[in-house]
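Reader: Could you walk me through this structure, as I would like to go over it piece by piece?

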Amino acid sequence: MNHTVLNPTQEIAPTVMSQARQPVVDFGTRMAHASMALAFFVSYVTSESEYWRLVHVYSGYSLATVLAFRWVWGWVGPASARWGLLLRRVAMWRVWVTKAKQGEWHTRNFWVGASSWVLSAAVLGIYAFSAVAIASGWATYNELLGDGWLNDALQELHEGLGNAVMAMVCVHVGMVVTLRVWRGPQALRPMWRGYANTSGRG
């Protein structure tokens, strides 16, 4: 029989570490998130300039590439990156509406869940509007509908979708800032470093 007495820190330290840092967002999702933000920002700020048109076009191609990666990653990546998880979160709107009607809107849990829903819905909107904006932009640039009014209408659609994506980005960023003020650095840590601090120390 082994009577070796372990130092208490040898047993406690791994447990504390596992509780303090819980992986939440994988590296692929975080890189796609950052790359999409950069590509969309460049594409949006160059959208009204003929001088920067090629930059706008290639930033759009970059956005398409990242979006394609994210699409595949949503099927083959880890559980936290799967489309099913995002869609289930968005489908939770019925739950929050029901809870609001039941008078639970003044509880902390309600707002934590509702803020998660807003973030998820904004992300889904960004993906959806970006995909159609990229397709319409590509068709416009290559004049698939000729150079007449149809192409002009498609150009208007492309610009409208770009503004819709920006609106979703503003909702997303606004909610992130709100969570940062409300819950502290821990609210941003999952997307920044990939883990959540469960030790309760922020």
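Reader: Which helices each supply at least two residues of the lining of the largest pocket?

Author: This is a predicted model, and in it the helices that each supply at least two residues of that lining are H2, H3, H4, H6, H7 and helix H8, which covers 189-193.

Reader: How much space lies in that pocket, and which lining residues are the closest to its centre?

Author: About 1,500 Å³ of space lies in the largest pocket. Its lining consists of 43 residues, and those closest to the centre are His33, Leu119, Val123, His172 and Met191.

Reader: Stepping back, how many helices and strands does the protein chain have, and what pattern does it follow along the sequence?

Author: The protein chain has eight helices and two strands, and read along the sequence they follow the pattern α-β-α-α-α-α-α-α-α-β. Buried residues account for 30% of the 202 residues in the chain. Of the contacts in the chain with a separation of 6 or more, 68% are between residues 24 or more positions apart.

Reader: Turning to the largest nonpolar core, which of its residues touch the most other members?

Author: The largest nonpolar core has 13 residues, and Met36, Leu63, Leu86 and Tyr127 are the ones that touch the most other members. Two or more residues of this core come from each of helix H2 (27-45), helix H3 (53-76), helix H4 (83-90) and helix H6 (108-141), and H2 gives the most, with four residues.

Reader: What is Tyr127 in contact with, if its neighbours within four places in sequence are left aside?

Author: With those neighbours left aside, Tyr127 is in contact with Met36, Leu67, Arg70, Trp83 and Leu86. Two of these, Met36 and Leu86, are themselves among the core residues that touch the most other members.

Reader: Since H2 came up, which of its residues are buried, and what caps its N-terminal end?

Author: The buried residues of H2 are Gly28, Thr29, Arg30, Ala32, Met36, Ala39, Phe40 and Ser43. The N-terminal end of H2 is capped by Asp26, which has a side-chain oxygen 3.1 Å from the backbone nitrogen of Gly28. As for its length, H2 has 19 residues and reaches 27 Å from its first C-alpha to its last, close to the 27 Å expected at 1.5 Å a residue.

Reader: And what about H6, how many residues does it have, and what follows it?

Author: H6 has 34 residues and reaches 48 Å from its first C-alpha to its last, which is close to the 50 Å expected at 1.5 Å a residue. H6 is followed by Glu143, whose phi is positive. That phi is near 50°, a positive value in a residue other than glycine, and Glu143 lies in the loop between H6 and helix H7, the latter covering 149-183.

Reader: Is Glu143 buried, partly exposed or exposed, and why?

Author: Glu143 counts as partly exposed because its relative accessible area is 45%.

Reader: Within H6, what can you tell me about Ser115?

Author: Ser115 is found in helix H6 and counts as buried because its relative accessibility is 6%. The side chain of Ser115 reaches the backbone oxygen of Val112 at 2.8 Å. Apart from its neighbours within four places in sequence, Ser115 is in contact with Met175, Leu179 and Trp182.

Methods:
Residues numbered from 1 in each chain as written. Predicted model: local features only at pLDDT ≥ 70, side-chain atom pairs only at ≥ 80, totals over all residues. Heavy atoms only, no water. Core = buried A, V, L, I, M, F, W, Y, C linked by side-chain atoms within 4.5 Å. Buried < 20%, exposed > 50% of the residue type's maximum accessible area, 1.4 Å probe, protein only. Contact = heavy atoms within 4.5 Å. Polar contact = N/O pair within 3.5 Å; in protein donor to acceptor, adjacent residues only side chain to side chain. Expected span 1.5 Å × (residues − 1). 1 Å grid on protein atoms, 1.4 Å probe; cavity = no way out; pocket = protein on both sides within 12 Å on 5 of 7 lines; lining within 4 Å. Points joined across faces, edges and corners; volume = space filled by probe spheres on them.
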